[in-house]
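Here is a short tour of one structure. Keep the sequence and the 3D view side by side as you read.

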Amino acid sequence: MKYRYATALNCIDGRTQIPVTEWIINHVGVDFVDLITEPGMDRVLSHGSWHEIDKIRRNAIVSIDAHNSHVIAVVGHYDCAANPVSDFQHLDDINNSVQTVKSWCLPVEVIGLFVDAQWRVHVIPN
Ligand SMILES: [Zn+2]
């Protein structure tokens, strides 16, 4: 059996991993989720240096090449220590992060997710 994978570009924050992984498995329809983490991932992908962003891009390519992932989810969350901004600013950062990932022109769908104060996962329309 061949497993289906998606890829999450998420914060290091442990509170986000289970909600995000479960949401992607249930809503994207995959068996497993590869996790690529950085403190404040939505800050890095929207405001980070070329070097920081390129490291994430190369890690995402490993997930796509090794596991044939067809979806990348970019995640921001409430109460982020590494991106301590308002929920509204998170939405903006997530949208800009989605644009960054789309600019890599990888053969994947890119979605933006926000994890709120109750650790519920929301899709950010773009
Ligand atoms: Zn965080």
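This is a predicted model: local features need pLDDT of at least 70, side-chain atom pairs count only at pLDDT 80 or more; totals for chains, interfaces and linings use all residues.

β1 and β2 run parallel and are joined by 6 bridges. Alanine 6 stands opposite valine 33 of β2. β4 and β5 run antiparallel, with 4 bridges between them. There, phenylalanine 114 stands opposite histidine 122 of β5. The hairpin of β4 and β5 has 5 residues between its strands. Tryptophan 119 in this hairpin takes a positive phi near 60°.

## Helix α3

Helix α3 covers residues 50–67, which makes 18 residues. At 1.5 Å a residue, α3 should span 26 Å. Its end C-alpha atoms are 25 Å apart, which agrees. After the helix comes asparagine 68, with a positive phi near 55°.

Which residues of α3 are buried? They are Ile53, Ile56, Ala60, Ser63 and Ile64. Seen down the axis of α3, the buried residues fall within an arc of 95°, so they line one face of the helix. On the other side of α3, Trp50, His51, Asp54, Arg58, Asp65 and Ala66 are exposed.

## Helix α4

α4 has 16 residues. From its first C-alpha to its last, α4 reaches 22 Å, close to the 22 Å expected at 1.5 Å a residue. Its buried residues are His90, Asp93, Ile94, Ser97, Val98, Thr100 and Val101. Seen down the axis of α4, these fall within an arc of 155°, so they too line one face of their helix.

What covers the buried residues of α4 includes α2, α3, β3, β4 (109–115) and β5 (121–124).

Glutamine 99 is also found in α4. How many other C-beta atoms lie within 10 Å of glutamine 99? There are 15, and glutamine 99 is partly exposed. In sequence, glutamine 99 and glutamate 52 are 47 residues apart. In space they are 16 Å apart, C-alpha to C-alpha.

## The core

In soluble globular proteins, nonpolar side chains tend to be buried together. Here the largest nonpolar core has 33 residues. Leu9, Ala73, Val74, Val75 and Leu113 have the most contacts inside this core. β1, α1 (14–29), α2, α3, β3, α4, β4 and β5 each supply at least two of its residues.

Take valine 74 as a case. Leaving out residues up to four places away in sequence, valine 74 touches Leu9, Met41, Asp42, Leu45, Ile94, Ser97, Val98, Val101, Val110, Gly112 and Leu113.

Technical notes. Residues are numbered from 1 along each chain as its sequence is written. The expected span of a helix is 1.5 Å times one less than its number of residues. A residue is buried if 20 or more other C-beta atoms lie within 10 Å of its own, exposed if 12 or fewer, and partly exposed in between; C-beta atoms are placed from the backbone. The arc is that of the directions from the helix axis to the C-beta atoms. Two residues are in contact if their C-beta atoms, placed from the backbone, lie within 7 Å. A nonpolar core is a set of buried Ala, Val, Leu, Ile, Met, Phe, Trp, Tyr and Cys residues joined through C-beta atoms within 7 Å. Two strands pair if DSSP finds at least two bridges between them.
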